[in-house]
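Biologist: I have a model open and would like to go through it with you. Can we start with the overall picture and then look at single residues?

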Amino acid sequence: MTIEREADLLLVWLRGESNGDTQALVDAEPFWHPPGDDRLVTLIDYLKVAGMVHNTELCASGACSLTPHGVAEAERLIADRDNPRIRLDHALNGLVAAAMENYPTTRLELVDFLCSTRMAVLDEMLEVAEVMRAIEYLEANKIVTVDSRSPQTIRAVTLTTLGIECGFKDPISVRNFLNDQRQPRIHNEWNITVNGGAPQMGQDNTQNNTFGYDPQQLTQFAREVLAAAHSADLPEEVRAVVVGDAAALQAELATAAPEPGRVRQLAERVLRSARSNLPALGWTGVAQLVSANLGIPLF
């Protein structure tokens, strides 16, 4: 389990123990087992650096209180946990990821999935009915085939060729993958001047641009990232990386003939950087469009 996930779990637990009261001092020791483990102190320090909790030397090492920012983040996490669409996405992505662990067969026994940690959604578990709805969705969209004893009893699922392609994406997002599959591909053909200035056309002089990006959309996205990076409370070394990536994307888009492969590479780098360091940017319309076009989820 990553420190980010552990910190999210602790934050939600503190929200429940304090009832969202920023004045309440909560002993976090019961949250972690075994008692006295230094990992708990590490998690509290992690949340403290993120501005989510207060923890002073006058208090016991495991005692802390939530900040208003911490309460808001905990409530956002809880809302996401209870959101039916997000829970379905969790089941979809989890099923594909679990099946990929058995590559190249990609056969996943349903009972193995139901007993795995992939059932966890923050501090709760997926319901079996939610998993079954996810399997129906995957089968309907030709991501999996289903092995059933009867129409009512599913034994296992196996990824199709399309499902394996989805499973090789990093990170795995079934919805974004399917959206990308449905988008029309743009075929661009350019005249290339060779041999004394004569325009040449044909198979040997045709370039295909399968990344149908919108230059204005990406330019606006780069501007938003730069503005957010300059105003956000970030460590200077992180700010420098985010600003550098966004500036490089702007520069490539400003050239007379942007190279599609480099544009996509830079756009992916900027989007991943923004997702990690500027989460508030994920709610803008431009960021959502760029995310969908690249097939990279914002959350």
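Modeller: What follows is a walk through this model, from the whole chain to single residues. The model is predicted, so local features need pLDDT of at least 70 and side-chain atom pairs count only at pLDDT 80 or more, while totals for chains, interfaces and linings use all residues. Residues are numbered from 1 along each chain as its sequence is written, and side-chain values use heavy atoms, with hydrogens and water left out.

Biologist: How many helices and strands does the protein have?

Modeller: The protein has 12 helices and 10 strands. Both are DSSP runs numbered from the N terminus: helices are H or I with at least four residues, strands are E with at least two.

Biologist: What share of the residues is buried?

Modeller: 39% of the 299 residues count as buried. Buried means under 20% relative accessible area, exposed over 50%, and partly exposed in between, with a 1.4 Å probe and protein chains only.

Biologist: Take helix H2. Which of its residues are buried?

Modeller: Leu40, Leu43, Ile44 and Leu47 are buried in H2. Down the helix axis, the buried residues of H2 fall within an arc of 100 degrees, so they line one face. That arc is taken from the directions from the helix axis to the C-beta atoms.

Biologist: What covers them, and what sits on the face turned away?

Modeller: The cover includes helix H1 (3-18), strand S2 (53-54) and strand S3 (63-66). On the face of H2 turned away from the buried side are the exposed residues Asp38 and Val49. Just after H2, Gly51 has a positive phi of about 75 degrees.

Biologist: You mentioned H1. Is Leu14 buried or exposed?

Modeller: Leu14, in helix H1, is buried, with a relative accessible area of 2%. Leaving out residues up to four places away in sequence, Leu14 touches Val26, Ala28, Val53, Cys64 and Leu66.

Biologist: Changing topic: what does the side chain of Glu130 make a polar contact with?

Modeller: The side chain of Glu130 makes a polar contact with the side chain of Arg87, at 2.7 Å. A polar contact is a pair of N or O atoms within 3.5 Å; within protein, one must be able to donate a hydrogen and the other to accept it, and residues adjacent in sequence count only if both atoms are side-chain atoms. Glu130 lies in helix H6 (residues 128-140) and counts as buried at 12% relative accessibility.

Biologist: What about the phi values of Asn19 and Leu122?

Modeller: Asn19 has a positive phi near 60 degrees, and Leu122 has a positive phi of about 60 degrees. Asn19 is exposed at 63% relative accessibility, whereas Leu122 is buried at 14%.

Notes:
Contact means heavy atoms within 4.5 Å.
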